[in-house]
Amino acid sequence: MLHSPEYRETYAADLKKLLPRIPLVIDARPFVDAGKELFELHVGYESLAPYPLGGTDVVATGDPFEFFRIEKMAYAKVREGGKLVPDKTKIKYNSRIELTGIPADVQRYLLGPRTAVDWLIDRYQLRVDKASGNINDPNDRSKESGNPRYVLDLLARIVRLSVRTVEIVDALPALILRTEATT
């Protein structure tokens, strides 16, 4: 119910200041089924098959952990009207890998004000805390898991999760609320 675009629009003002109110609908089954599928999808995201992005079939040369190492991912840039803007269909993974074919629907699945892919790009980068000198290295997760492609595959899984989430939400029926007369 909370993913329904009609629900979000109808209760937009309330959602900014109050806990969500779940209204009674004529037929709750489609919302229950969608909620169950979304729950399973989001809890089990690490077991999803990676989305078939261009560039994920790359074969490592040399040390695979070094080949798939990331410092800072970013969207590729294209020139529009004389200035460079992000091309949300391509991600510069590192100096050796560019991922292509990111579906437009990925930009429709938001976690607050940004997409899941934007969140991942922001969080999975090499950072050094200036005050303490501590290093936050997302490549450590690859080494811990013994999978040099961990971050690359995670990104492709998040693309699949985003696309499927949008498909489920788009398939929700119209929000037809029950009234006291229909109870």
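Colleague: What makes α3 roughly antiparallel to α7?

Modeller: In this predicted model, the axes of helix α3 (residues 29-43) and α7 come within 10 Å and cross at roughly 175 degrees. Angles over 145 degrees count as roughly antiparallel, and the crossing angle therefore makes α3 roughly antiparallel to α7.

Colleague: Which residues make the contact of α3 with α7, and how many of them are charged?

Modeller: From α3 come A34, E37, L38, L41 and H42, while α7 brings L161, R164, T165 and I168. By class, this contact of α3 with α7 has 5 nonpolar, 2 polar and 2 charged residues. Asp, Glu, Lys and Arg count as charged, and so E37 of α3 and R164 of α7 are the charged residues here.

Colleague: Why are α5 and α7 called roughly antiparallel to each other?

Modeller: The axes of helix α5 (residues 116-123) and helix α7 (residues 150-170) come within 9 Å and cross at roughly 160 degrees. With the cut-off for roughly antiparallel set at angles over 145 degrees, α5 and α7 are therefore roughly antiparallel to each other. The crossing in which α5 passes α7 is right-handed.

Colleague: Which residues line the largest pocket, and which element gives the most to its lining?

Modeller: The lining of the largest pocket, which holds about 310 Å³ of space, is formed by H3, P5, R8, R108, Y109, L110, G112, T165, V166, V169 and D170. The most comes from α7, with 4 residues, and the elements that give two or more residues are α1 (5-10) and α7. By class, the lining of the largest pocket has 5 nonpolar, 3 polar and 3 charged residues.

Colleague: How many residues line the second largest pocket, and which of them lie nearest its centre?

Modeller: The second largest pocket, with a volume of about 200 Å³, is lined by 13 residues, and Y45, L111, A116, W119 and I158 lie nearest its centre. Both α5 and α7 supply at least two residues of this lining, and α7 gives the most, with 4 residues. By class, the lining of the second largest pocket has 11 nonpolar, 1 polar and 1 charged residues.

Technical notes. Residues numbered from 1 in each chain as written. Predicted model: local features only at pLDDT ≥ 70, side-chain atom pairs only at ≥ 80, totals over all residues. Heavy atoms only, no water. Axes fitted to C-alpha atoms, helices over the stretch in contact; angles between N-to-C directions. Parallel < 35°, antiparallel > 145°, perpendicular 65-115°, else oblique. Left-handed = near helix turned anticlockwise from the far one by under 90°. 1 Å grid on protein atoms, 1.4 Å probe; cavity = no way out; pocket = protein on both sides within 12 Å on 5 of 7 lines; lining within 4 Å. Points joined across faces, edges and corners; volume = space filled by probe spheres on them. Contact = heavy atoms within 4.5 Å.
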